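I opened the model and kept notes on what I looked up.

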Amino acid sequence: MLVEVCANSLESALNAQKGGADRIELCSELGVGGITPSYGLLKMVKERLSVPVHVLIRPRAGDFSYSEMEFELMRRNIALCVDLGFEGIVSGILHRDFSLDEERTGALIEASGSLSFTFHRAFDWVNDPFGTLDRLEVMGVHTILSSGQQKTAVEGIDLLSELHKRTSKITIMPGAGVGIDTVDRFKEEGFRAIHLSGTKVHQNVPGTPKVPMNSAPLDEGSLLLTHTETVHQIVARVK
C-alpha cells in the first residue's frame, strides 16, 4: 500500500520523508483544505527531497469552480511544476452545479503532460460519483483522492469500496481522517493507497499574540507540522 503524506511546508515534507512516506502531496494552508505552494517552497522541496512529490494546484480556498483568470493561473502553475521536474499534479475543476467540468479539467490534464494526475477532493462534491469516475477514466486520470463524500474516509468507506471495485484503471485513494487508529480498515478493504497529513500542533512561540491574524481555529502561536513518528507508525502498519 502506497502512503501519500500531504505536507504543508518544507519541514513537514522532510518529516514525512524521514517517516517513510512513499510520496508527498505538497500544498500550503492545510486549514482551508490546501492551496498551491509558493515558488520558493517548490524549489526547495525539489532540491531537498528524494521521494516523488505531487503538487496541489488550487488557486484559492473555497469552492472548485474557477474564473478564467484563476484557470489561467492554474495552467501556469502546472507549467512551472512540469519545468521543475515534479512527478505529479493534484487538481480538478467543477461546474457551479457540482458536475465535472470536463473541458477545463481535461485542459489541466493535458497541461500536465506525462506527469501523474490526481483528481482531488472536489470529487466529494459531485452529484454523480460513479458517472464522474467513468468520465475521469476516459480522461486519463491516474488517482482519485476522496473521503467517500463524507466528513471522513472511514464514514465514506462504503462508497470508496464501491468505487475501488468498479475501476481497474484509477487508484481510489482514501483521505480525510486517516490515522493510526483507522488505517487497518483501508488495508483490509484492499485499497492500494492512502492519504494523510499526520500532523500535530507545534507551539512555535509562547503565549497567544494579542491581535489575531487567523480566521481559522488555529492559535497564532501554533503550527501544523507533519509528525515523523506518526508517519513511521502508519507506514509500518500497512507495509
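I took buried to mean under 20% relative accessible area, exposed over 50%, and partly exposed in between, with a 1.4 Å probe and protein chains only. This is a predicted model, in which I required pLDDT of at least 70 for local features and 80 or more for side-chain atom pairs, while totals for chains, interfaces and linings use all residues. Residues are numbered from 1 along each chain as its sequence is written, and side-chain values use heavy atoms, with hydrogens and water left out.

Entry: serine 28. Helices (H or I, at least four residues) and strands (E, at least two) are DSSP runs, which I numbered from the N terminus. I found serine 28 in the loop between strand 2 (23-26) and helix 2 (39-48). Serine 28 counts as buried because its relative accessibility is 15%. I then listed contacts (heavy atoms within 4.5 Å). Beyond its neighbours within four places in sequence, serine 28 touches Asn8, Gly34, Ile35, Thr36, Pro37, Ser38 and Leu41.

Entry: helix 6. In helix 6 (residues 157-166) I noted Ile157, Leu159, Leu160, Ser161, Leu163 and His164 as the buried residues. Their cover includes helix 5 (129-139), strand 6 (143-146), strand 7 (171-174) and helix 7 (183-188).

Entry: aromatic pairs. I paired rings of Phe, Tyr and Trp (its six-membered ring) if their centres lie within 6.5 Å; planes under 30 degrees apart count as stacked, over 60 as edge-to-face and the rest as tilted. The count by this rule is 3 aromatic pairs. One of them joins phenylalanine 98 and tryptophan 125, edge-to-face, at 5.8 Å centre to centre and 80° between the planes. Phenylalanine 98 is in the loop between strand 4 (88-91) and helix 4 (102-112), and tryptophan 125 is in the loop between strand 5 (116-119) and helix 5, so the pair ties together parts 27 residues apart in sequence. Phenylalanine 98 is partly exposed at a relative accessible area of 38%, and tryptophan 125 is partly exposed at 38%. Ring pairs link Phe64, Phe98 and Trp125 into a cluster.

Entry: charges over rings. My criterion was NZ of Lys or CZ of Arg within 6 Å of the ring centre and within 35 degrees of the ring normal. The charged end of lysine 46 sits over the ring of phenylalanine 86, 5.3 Å from its centre. For arginine 104 over the ring of phenylalanine 71, I noted 5.1 Å from the charged end to the ring centre.

Entry: backbone. Most residues other than glycine have a negative phi. Phenylalanine 98 has a positive phi, near 70°. Alanine 176 also has a positive phi, near 105°, and I located alanine 176 in the loop between strand 7 and helix 7.
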